[in-house]
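Work through the exercises below with the structure open. Each task is followed by a stepwise solution.

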Amino acid sequence: MNKKLGFVFAVLMLVPVALLAQDKPPATATATAPAQSTPPANPITASEKGFYGFVSGAVVGAAQKMPEENYSFKPTPEVRSFGQLVGHVADASYSFCSQAIGEANPVKDIEKTKTSKADLVAALKDGVAYCNKAFDTMTDAKGSEMIKLFNFKIAKLTVFSINTAHTDEHYGNMVTYLRLKGIVPPTSETQPAPAPAPK
């Protein structure tokens, strides 16, 4: 089995898990809160966008936390530098999300052309914004339309899922780089304690 086929199958196996993680138990009516009567118009698209928002927010946070002097840092010579990881995620965001909505890729080669933290963080934020705009044009019905990606026919919403999985994969790389530099990654920061309940 080639690497691309294995990657696609692995992502497809993770999609149901990601979607289930977003589900909430059905609301029940109480004396103080009525049950939710209308489900969202496009629940699958909304779930995909919500999960992407969490993952992409973590990547942007990691990019912002790493100091400029560590953007050239590589744990070993064979791997991407931290800055190259940021550029790679930005490039992939444009590539996957443009394919999902049938547009030409509007921005390419960020990883190869940008090196400063300011430029790379801006490009990453722009790539995430582009994907969020792409999500806003999607519906569950449109998301079920099939397109070709990596020589496979897959649903448009699955392309968004692949982008989210790819973004999360490289967030894992970024976490390692941050930890090697003694920096706590965004998803491991201490959460503030909940406010006490009113008496």
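**Exercise 1.** Determine how helices α2 and α5 are oriented relative to each other in this predicted model.

*Solution.*
- Step 1. Take α2 as residues 43–65 and α5 as residues 117–136. Their axes come within 10 Å.
- Step 2. Read the crossing angle: roughly 175°.
- Step 3. Angles over 145 degrees count as roughly antiparallel. α2 and α5 are therefore roughly antiparallel to each other.
- Step 4. List the contact residues. On α2, they include Y52, V59, V60 and K65. On α5, they include V121, L124, V128 and F135.

**Exercise 2.** Is E189 buried, partly exposed or exposed, and which residues does E189 touch?

*Solution.*
- Step 1. Locate E189: the segment after α7 holds it.
- Step 2. The relative accessible area of E189 is 36%. Buried means under 20% and exposed over 50%, so E189 is partly exposed.
- Step 3. Leaving out residues up to four places away in sequence, E189 touches K65 and V184.
- Step 4. Check the side chains. E189 and K65 make a polar contact at 2.7 Å. K65 also belongs to the α2 side of the contact with α5.

**Exercise 3.** Compare the span of α7 with the expected value, then inspect what follows the helix.

*Solution.*
- Step 1. α7 covers residues 156–180, which is 25 residues.
- Step 2. From first C-alpha to last, α7 reaches 37 Å. That is close to the 36 Å expected at 1.5 Å a residue.
- Step 3. Just after α7, G182 has a positive phi of about 75°.

**Exercise 4.** Which stretch has pLDDT below 50?

*Solution.*
- Step 1. Start with the protein: mean pLDDT is 86, and 77% of residues reach 70 or more.
- Step 2. Residues 1–29 have pLDDT below 50. Beyond near neighbours in sequence, this stretch has 27 contacts in the model.
- Step 3. Where pLDDT is low, predicted coordinates should not be read in detail.

Key: Residues are numbered from 1 along each chain as its sequence is written. This is a predicted model: local features need pLDDT of at least 70, side-chain atom pairs count only at pLDDT 80 or more; totals for chains, interfaces and linings use all residues. Side-chain values use heavy atoms; hydrogens and water are left out. pLDDT is the predictor's confidence in each residue, from 0 to 100. Contact means heavy atoms within 4.5 Å. Helices (H or I, at least four residues) and strands (E, at least two) are DSSP runs, numbered from the N terminus. The expected span of a helix is 1.5 Å times one less than its number of residues. Buried means under 20% relative accessible area, exposed over 50%, partly exposed in between (1.4 Å probe, protein chains only). A polar contact is a pair of N or O atoms within 3.5 Å; within protein, one must be able to donate a hydrogen and the other to accept it, and residues adjacent in sequence count only if both atoms are side-chain atoms. Axes are lines fitted to C-alpha atoms, for helices over the stretch in contact, and angles run from 0 to 180 degrees between N-to-C directions. Angles under 35 degrees count as roughly parallel, over 145 as roughly antiparallel, 65 to 115 as roughly perpendicular and the rest as oblique.
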